[in-house]
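Student: I have a structure to go through today, and I'd like to take it one piece at a time. Could you help me read it?

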Amino acid sequence: MDSRTEQFDAPSGGVASTGGAGSAPAANDDLSFQIEGMSCANCAGRVEKALAALDGVSKASVNFALNRANVHFDRSKTDIATITKAVNDAGYSVAEHQLSFDIDGMSCANCALRVEKALSALPGVATASVNFALERADVSAFDDAVNDARVIKAIEDAGYHATSRNGPTSGISDEKETDAGTRNKTDKSLILLAVSALLTAPLVLQMIWMNLGVSYHLPAWVELVLATPVQFYIGARFYKGAFAALRHRSANMDVLVALGTSAAYFLSLYNMVTADAGQAHLYFEASAAIVTLILAGKIMEDRAKRGASAAIRELMALRPRRARKLIDGEGEQDVAVESLSVGDIVRVLPGERLPVDGTVRAGDSELDESLITGETRPVARMPGDAVVGGAVNGTGRLDIEVRAVGDDTTLSRIIRLVEQAQTGKAPVQKLVDRVSAVFVPVVVGIALLTLGAWLFTGFGAEASIVAAVSVLVIACPCALGLATPTALVAGTGSAARNGILIRNFDALEQAHNVDTVIFDKTGTLTEGTPTVRDVEAVNGIDRNELLRLTAAVQAASEHPLARAIVAIASKEDQTLPDISNFKSKTGAGVMAEVEGHKVVIGSEALLTDQAIDLPTDDIAQAIKSHEGAGRTVILIAIDGGFAGYMTLEDRIRENAKQAIADLKARGIASIMLSGDSQDVASHVARELGLERGEGRIRPQDKALEVEKLRKEGRHVAMVGDGINDAPALAAADVGIAMGGGTDVAMETAGITLMRSDPALVSAAIDISIATRRKIAQNLFWAFAYNVVGVPLAAFGILSPTIAGAAMALSSVSVVGNSLMLRRWNAQKQG
């Protein structure tokens with residue numbers, strides 16, 4: 001946890017309050033919170049001691065049975081962030097849970113800031129983030145006291161409407177309802193736009209005729225009749241939004257629109273009443289046109305925002321809601337996916353989507369996994385193969401044993417990761433938020449200054465008001481608020497569609513700086529499915545006996561080399577005996593006792609450590625020759641004497657050489673670290689064109705190599721399988737876990753590649769660069785638009801109607817620029 005406000009029960013009558021953006025609390029507070037990670041009373045004592053040592057804490061008690069801490073502290077001397085940091089530094093964590101909500105009614109980034117502030121002020125909320133582009137709020141809370149009802153009430157009190165995303169089937173059962181609601185809302189807006197355009201058209205056409213020299217204008221009462229429903233019925237949304245904002249002592253885009261159009265409308269009404277009809281200067285066309293244009297802009301903006309977030313909806317649409325469950329003696333039964341349990345058998349017919357993650361138990365087919373892994377070609381699946389929920393079955397019928405359901409499925413984890421990345425904020429967004437918070441008051445101030453300046457210079461009230469109206473309606477905080485999140489949503493969505501999962505903005509921020517990529521070998525640059533090529537027994541040991549004893553020990557290991565040895569023993573119908581005293585030495589090998597024999601399998605270093613004589617010169621030369629050809633050699637000793645060796649081949653991935661060439665073309669150096677011998681590492685490095693290949697590297701040494709390169713000033717990406725390479729993935733500037741989307745990969749790496757294709761490494765860097773470039777472009781144009789447009793309006797160069805059109809198009813142009821990222825395709829890179 002980076003920072004916390006607080007979670008609070010106040011058992012001693014203390015004030016439940018919040019730090020940061022919350023309301024000012026009493027000087028002395030009682031704070032109560034759950035602690036995770038304590039395993040004994042000694043843990044509780046350590047936490048209690050750490051809390052009591054803080055300046056300002058007068059009393060601290062930790063109950064191990066309840067896993068709860070109670071702290072009495074002076075807020076003027078310490079804060080909640082310091083208290084939670086003390087818990088973290090002691091080796092434990094404060095319990096949190098996550099809540100998400102859809103928000104309706106926000107009109108600009110300032111609305112999102114107001115909701116965020118309201119949520120941050122709730123007692124028990126650690127952090128709150130509101131994404132204007134996604135119209136979504138994410139809350140991290142300390143305990144169950146912060147629930148859906150409390151959060152929704154806080155959002156509604158801020159003037160908006162919220163619906164929870166936290167049900168057991170959130171994002172599944174509600175997706176169709178959400179789409180239907182969005183369509184209904186859009187249809188209603190389109191009808192209002194059509195009516196508004198119909199009523200506004202005569203007013204605008206009249207203005208065009210007059211500019212063309214046609215001396216004709218509508219009667220004043222006709223203009224009033226046409227403009228009034230546009231102003232007060234169709235434009236009611238702006239008045240409602242402005243009223244809600246002002247009621248909560250805030251200001252947003254609706255305030256600017258309501259002020260500007262009302263000024264134009266009532267100035268026209270005043271002129272109409274006080275002057276002769278034929279001589280009155282009326283601006284009804286300006287007020288009506290501004291409402292119409294901004295409404296059209298909001299509709300286009302909403303559609304564009306939904307386009308930016310289409311990737312999430314596409315992923316959610318992959319999750320079937322029903323499944324065919326096979327029940328003994330009863331055949332097939334149609335059930336809800338949520339009712340399935342691990343171990344159930346489901347049947348999938350040709351052309352259907354797989355409802356769950358599982359293992360094929362019967363049947364064979366080809367699956368289309370393109371929307372999950374980005375792999376465009378169908379992949380063959382047969383009994384024993386793992387399959388992923390959401391994939392489309394081909395022509396065969398499959399019976400699948402369920403191994404993951406609900407939030408534990410690969411697809412659900414992918415959706416969570418994409419949503420996590422999309423709801424994050426770039427560092428530059430903090431600056432944008434500060435600007436947005438004061439944007440509307442500053443614009444209103446500029447409009448008043450414009451009004452005063454025009455009056456002072458003698459232009460009269462009418463011209464002064466028109467200039468001020470232009471300032472109000474041309475300023476657009478929406479473009480600023482949409483610049484970063486829409487690019488982030490579109491970029492991470494396109495990456496996910498191509499099988500690249502980006503966890504957060506930190507990964508994006510760091511990836512564009514990468515100048516060095518470190519690759520693991522097995523399973524990353526090679527296929528990870530080695531096969532045994534030679535079994536060489538020496539010193540009178542029978543070849544089959546050597547294989548049988550070796551495979552018996554390796555059967556206790558999950559290493560790919562071990563599985564290859566067990567596979568060949570099974571193929572040769574070897575019966576494997578039981579073993580005892582199995583020991584594994586990471587990066588070196590394994591040993592065990594088999595039928596009274598002590599068997600040691602591994603590297604030269606392991607044999608030396610066990611005081612076993614190494615192979616003779618002739619055998620050592622043969623081993624060196626195998627390693628020089630890129631084969632992996634494992635040595636075997638039985639009862640303290642060298643007994644033989646096995647060679648294994650692991651083919652280099654088809655795209656690996658091109659992937660290294662792509663990185664080199666971008667000026668990025670590639671290094672390989674392998675647990676194999678130096679000869680094998682050197683051979684693979686030469687084959688692929690790597691800068692260098694290092695052998696005999698243990699998993700913990702990879703992390704040290706990463707740190708070494710970073711200290712040299714390099715920006716390092718580590719590419720591995722996410723399990724053995726977890727320390728190095730965590731130590732790198734960017735951790736890239738390749739292939740399969742395992743739990744460890746997703747939790748450790750900043751970027752996860754959903755298929756084992758080294759070419760995706762350079763693609764991940766490319767989409768990071770492209771997304772950051774879009775963010776920079778959007779922010780430049782959003783700031784430039786306001787910096788240029790507001791002065792032009794203040795000097796009277798832009799009429800209110802043109803200013804309204806420019807305001808409407810500014811947000812659309814920013815979102816449209818972000819949408820260009822949807823065309824990004826990993827296969828077109830390089």
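Predicted model: local features only at pLDDT ≥ 70, side-chain atom pairs only at ≥ 80, totals over all residues.

Student: Which residues meet between H14 and H28?

Tutor: On the H14 side they are Val466, Val469, Ser470, Val473 and Ile474, and these meet Pro800, Ala803, Gly804, Ala806 and Met807 in H28.

Student: Switching to the inside now. Which residues touch the most other members of the largest nonpolar core?

Tutor: Those are Leu119 and Ile500, in a core that has 130 residues. Helix H27 (residues 759-794) gives the most to this core, contributing 14 residues. As background, nonpolar side chains tend to be buried together in soluble globular proteins.

Student: What is Ile500 in contact with, if I leave aside its neighbours within four places in sequence?

Tutor: With those neighbours set aside, Ile500 is in contact with Ala495, Ile751, Thr752, Leu753, Leu760, Ala763, Ala764 and Trp824.

Student: And how many residues are in the second core?

Tutor: The second core, which is separate, has 30 residues, and Val348, Ile372, Leu398 and Leu501 are among them.

Student: New topic, the open sheet of three strands: what is the order of its strands?

Tutor: The order is E14-E13-E16, and the pairing in this open sheet is antiparallel. Strand E14 (379-381) and strand E16 (392-393) are the edge strands, since each of them pairs on one side only.

Student: Over how many bridges do E13 and E16 pair?

Tutor: Strand E13 (residues 365-368) pairs with E16 over two bridges, in the antiparallel sense, and Asp368 stands opposite Val392 in E16.

Student: Now the charged side chains. How many salt bridges does the structure hold?

Tutor: There are 26 salt bridges in the structure. One of them joins Lys85 and Asp89, with the closest N and O atoms 2.9 Å apart.

Student: How far apart are Lys85 and Asp89 in helix H2?

Tutor: Because they are four residues apart in helix H2 (residues 80-89), Lys85 and Asp89 are separated by about one helical turn. Lys85 counts as partly exposed at 48% relative accessibility, whereas Asp89 is exposed, with a relative accessible area of 56%.

Student: What about Asp344, is it buried or exposed?

Tutor: Asp344 is buried, with a relative accessible area of 16%, and its side chain meets that of Lys325 in a salt bridge (3.6 Å, N to O). Asp344 lies in the loop between strand E10 (331-336) and strand E11 (345-348), and Lys325 lies in strand E9 (residues 322-327), so the pair ties together parts that are 19 residues apart in sequence. Lys325 is partly exposed, with a relative accessible area of 22%.

Student: Last one: which residues are linked in a network of salt bridges?

Tutor: The network links Arg324, Glu332, Arg347, Glu352 and Asp399. Arg324 forms a salt bridge with Glu332, in which the closest N and O atoms are 3.6 Å apart. Arg324 counts as partly exposed at 25% relative accessibility, and Glu332 is partly exposed, with a relative accessible area of 39%.

Note on methods. Residues numbered from 1 in each chain as written. Heavy atoms only, no water. Core = buried A, V, L, I, M, F, W, Y, C linked by side-chain atoms within 4.5 Å. Buried < 20%, exposed > 50% of the residue type's maximum accessible area, 1.4 Å probe, protein only. Contact = heavy atoms within 4.5 Å. Pairing = 2+ DSSP bridges. Salt bridge = Lys/Arg side-chain N within 4 Å of Asp/Glu carboxyl O.
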